[in-house]
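This report describes one protein model, starting with a pair of helices and moving on to cores, loops and overall totals. The sequence and structure come first.

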Amino acid sequence: MDISERNGQRQTHQLQGWLNEVETTKTQVDAILEKYTQRGHCFNRFSPNCCSNYSISKAAAKKLLDVQRLLDYETKEEVAITPVPPPVQEVFIPTTSTSSPFANSNIEEALYYIRADQVVGMIGIWGMGGVGKTHLLRQINNSFIGDSAFNHVILVSGSQSCTTKKLQKEIAKKLKLPLDEDASAQASIVFNFLLLDDLWGRIDLQEVGIPFPLGVVGGFKRKVVLTTRSTNVCGQMEVRKKIKVECLNDRDAWSLFLEKVGEETINSHPSIQSLAKDVVNELEGLPLAIITIGRAMYEKKDPREWKYAIDLLKKSRLDQIEKQSSEDLEKGLIEEFDSMSEAYNIGHTLIGNLVGACLLEPANHLDRSVRMHDVLRDMALWITRDNGKNKNKWIVLRGETPRAKHMWHEAERITLMESEIQQLPPIATAPCSSRLTTLMLSCNLELRELGDNFGALVSLTYLDLSWCGFVHFPKEICVLVQLQYLNLANNKISSLPEELGSLVNLKLLILRNTRVRTIPQGVIAKLKYLQVLDLCEVWGTEGGNLTYLPLLLFEELECLSDLKGLGICIEDTSQLNRLIMLPNVSVRWLGISKLEKSTSFSLSTTFLGDDQIQMNLAYLRLFDSHVTQVVIEGDHQSHTWHLQALETLQFDNMDSLKEIIWEGVVPGVLFQALRILSVHGCGMLNDISWILHLPNLRELWISSCTSMRQLITHGADNHGENFADIVDTFSCFHIIFLEDLPELVSIWHSTFALPALNTICIQDCPKLKKLPFLPGNIPSKLQSIQASKSWWESLEWEDSTIKTSLQPLYMENLSGGVIIEI
């Protein structure tokens with residue numbers, strides 16, 4: 001029994017009964033012995049009374065049997081059992097300064113849905129690794145100590161390798177229940193509040209043994225709270241309430257770091273506090289990183305140590321930080337796809353998954369691009385560099401010029417984007433044993449040459465030279481026969497060399513927004529593996545289109561059997577008819593100009609050709625034409641046709657355009673995916689009221705429309721529909737940019753709801769004196785109003801509370817242009 005008690009067990013009821021019986025029997029034995037002793041004392045010798053002797057002897061013999069039975073108990077019965085666990089087992093919570101108001105609100109929200117909500121049974125707490133999900137879960141666990149709301153509160157860890165059997169085993173251990181090798185038998189465990197930490201995939205909780213349904217059923221309350229890094233897991237587990245744990249704000253991040261590093265170290269030198277704040281800024285509010293680095297810098301009282309730490313952070317050498325989910329990331333290239341739309345869908349899905357797993361986050365409020373948290377970026381680079389052992393394997397620099405000559409034969413990937421380089425570091429004269437496969441040099445406007453030895457990079461497969469200063473096509477590229485991706489967009493290149501035809505392995509050639517005027521005959525036809533060819537917005541130096549004959553170009557395009565994405569600008573409908581006749585060519589980006597053969601232009605199924613174009617066209621630009629009306633008409637045989645991939649629609653320099661007419665088609669059906677509408681240089685256009693029918697429109701860019709007085713009229717359109725009855729039209733509307741609209745007096749009626757509106761930018765609209773808002777309908781997500789100070793101060797307000805509400809959102813735009821990254 002002593003051994004069992006030292007192991008945390010307690011006496012069984014049977015053992016308690018045995019001990020009680022032993023005490024009773026001992027008392028009875030003592031009484032028999034006392035009688036025997038008294039008999040001898042009475043007569044000073046053995047008693048001659050045979051009856052008395054017989055009675056004592058008989059009682060002793062009977063009691064001897066009882067004693068023997070009690071002595072035999074130990075070999076027949078268990079002496080101890082595991083005690084029933086308490087309803088809540090307190091868990092250790094490290095003392096930190098993360099109790100910011102935001103963190104407290106997470107706890108309060110979670111406890112509300114656990115204690116008070118009658119419907120929600122499954123609650124998901126999600127966020128990036130190291131952000132404090134486990135910390136929050138432990139606080140929830142301990143908040144139920146002394147609370148009788150649940151019979152049992154169980155906190156267990158899921159982990160990446162979690163299975164039903166492992167989960168059952170951990171729960172049984174917590175409840176101190178016997179283990180059964182059979183999962184079905186083990187599922188007889190019953191409890192009513194489970195805290196499940198760090199779940200990576202779906203677990204069937206009913207199979208584990210959790211009674212369903214969850215929530216409040218028949219007077220019994222059953223809840224499950226799980227933590228995970230991915231919203232996908234929340235979906236798989238049928239979570240009905242999600243709570244995202246965010247990184248710390250600047251104040252809380254500094255408090256936590258100060259707690260871990262200690263004020264003695266911070267105050268040990270006048271420079272250290274400033275350096276320490278630089279360190280915290282690099283960590284961007286991630287609690288795990290702050291704690292880890294804070295502990296590492298404890299007792300570092302020399303400023304040079306802090307400067308070195310900052311250098312390490314900037315160079316992505318953050319070995320101690322948790323790996324997050326980065327070890328699950330692969331190369332990420334989309335190898336197989338049937339169309340460009342499919343490829344883009346896959347890409348957006350991958351990005352969405354990474355955002356959902358907190359590995360990427362929106363780079364700005366427009367959601368046009370994504371970024372990686374610096375700590376995750378550092379960890380990803382550390383992993384790709386063989387856990388920090390090969391620092392030159394991946395070289396990622398921005399805003400600085402590399403000086404290392406040996407990087408060309410050590411690195412596998414190099415990114416020098418926006419590095420202000422004018423020339424590349426020297427490359428070995430002989431072909432190197434380089435493993436370099438990826439080189440990204442975009443956004444270096446002063447870079448005009450690659451150097452004679454560039455052809456030594458024989459393993460290169462991916463080359464991005466977009467937004468550089470090239471005037472001539474760098475012929476050094478043409479010896480890189482392994483090249484599969486070449487991007488020369490937004491350069492001033494005037495012609496392509498015949499040597500380009502040597503790049504027979506090219507899959508993607510991007511020449512968008514260049515000044516190419518001539519392409520040698522036969523060059524395009526030689527690039528037989530091309531999957532993407534972007535010649536959109538290719539202009540000559542004098543503003544003309546390609547002098548290369550379109551007929552010959554179309555013949556060469558017919559040779560490209562793998563072409564899945566084409567970008568091209570064409571003139572008039574005859575060239576379009578030739579384009580849509582190309583077999584197996586999917587047009588992704590299309591510009592059409594010079595449609596002045598008639599006063600009306602019809603955009604229809606006949607005009608756009610077969611399903612390939614309608615299914616894949618993502619960008620359509622109508623420009624430099626003198627038509628007075630554009631008629632967008634439906635198919636009389638089928639009223640369901642739509643441009644399912646079209647995201648951007650532009651009307652540019654249509655100076656005679658007066659109206660856009662819809663015949664036999666509803667704009668919202670035709671343009672289901674349209675996100676961006678741009679109207680520029682349409683001087684006769686009075687309004688664009690039809691945009692109210694576009695369900696997914698997010699961005700509206702209107703400029704240089706000199707006759708436009710009101711964007712959206714408050715009345716009926718040419719279908720007779722009342723705009724005021726369209727209630728959900730602007731549910732996605734995100735940004736509006738208005739520039740050079742001298743007659744504009746009104747944007748839209750103040751009753752329109754704009755729940756997603758984020759940014760307004762207005763320039764050179766002198767007659768616009770009012771913003772379309774009432775005190776009760778100012779968009780809750782509105783973050784900025786960008787305009788000149790003089791215009792802002794000239795606005796008229798029907799209610800002073802509107803100006804009071806909007807004043808904090810105003811941003812002076814001194815540049816005269818939009819302060820938005822497009």
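## Helices H12 and H14

H12 passes H14 in a left-handed crossing; a crossing is left-handed if the near helix is turned anticlockwise from the far one by less than a right angle, and right-handed if clockwise. Helices (H or I, at least four residues) and strands (E, at least two) are DSSP runs, numbered from the N terminus. The contact, meaning heavy atoms within 4.5 Å, is made by Ile-272, Leu-275, Ala-276, Asp-278, Val-279, Glu-282 and Leu-283 on the H12 side. H14 contributes Pro-303, Trp-306, Lys-307, Ile-310, Leu-313 and Lys-314. These residues divide into 9 nonpolar, no polar and 4 charged. Here Ala, Val, Leu, Ile, Met, Phe, Trp, Tyr, Cys and Pro count as nonpolar, Asp, Glu, Lys and Arg as charged, and the others, Gly among them, as polar.

H12 spans residues 272-283 and H14 residues 303-314, and the two pack at an angle of about 15° with their axes 10 Å apart. Axes are lines fitted to C-alpha atoms, for helices over the stretch in contact, and angles run from 0 to 180 degrees between N-to-C directions. H12 and H14 are therefore roughly parallel to each other. Angles under 35 degrees count as roughly parallel, over 145 as roughly antiparallel, 65 to 115 as roughly perpendicular and the rest as oblique.

## Basis of the model

The model is predicted: local features need pLDDT of at least 70, side-chain atom pairs count only at pLDDT 80 or more, and totals for chains, interfaces and linings use all residues. Residues are numbered from 1 along each chain as its sequence is written, and side-chain values use heavy atoms, with hydrogens and water left out.

## Other neighbours of H12

Helix H10 (residues 250-261) packs with H12 at an angle of about 120°, their axes 10 Å apart. H10 and H12 are therefore oblique to each other, and their crossing is right-handed. In H10, Ala-253, Trp-254 and Phe-257 meet Gln-273, Ala-276, Lys-277, Val-279 and Val-280 of H12. This contact holds 6 nonpolar residues, 1 polar and 1 charged.

Helix H16 (residues 374-384) has several buried residues, including Leu-376, Met-379 and Trp-382. Buried means under 20% relative accessible area, exposed over 50%, partly exposed in between (1.4 Å probe, protein chains only). The buried residues of H16 pack against H12, helix H13 (287-296), H14 and strand S11 (394-396). After H16 comes Asp-386, with a positive phi near 55°.

## Nonpolar cores

A nonpolar core is a set of buried Ala, Val, Leu, Ile, Met, Phe, Trp, Tyr and Cys residues joined through side-chain atoms within 4.5 Å. The largest has 128 residues, of which Phe-454, Leu-486, Phe-651 and Leu-711 touch the most other members. Apart from it lies another core, of 74 residues, among them Val-88 and Met-237.

## Two loop residues

Trp-797 sits in the loop between helix H24 (789-794) and helix H25 (800-806). Trp-797 is partly exposed, at 24% relative accessible area. Leaving aside neighbours within four places in sequence, Trp-797 is in contact with Leu-771, Trp-792, Ile-802, Lys-803 and Leu-806.

His-693 lies in the loop between strand S25 (676-680) and strand S26 (699-703). His-693 counts as buried, at 12% relative accessibility.

## Overall totals

The protein has 25 helices and 30 strands. Of its 822 residues, 46% count as buried.
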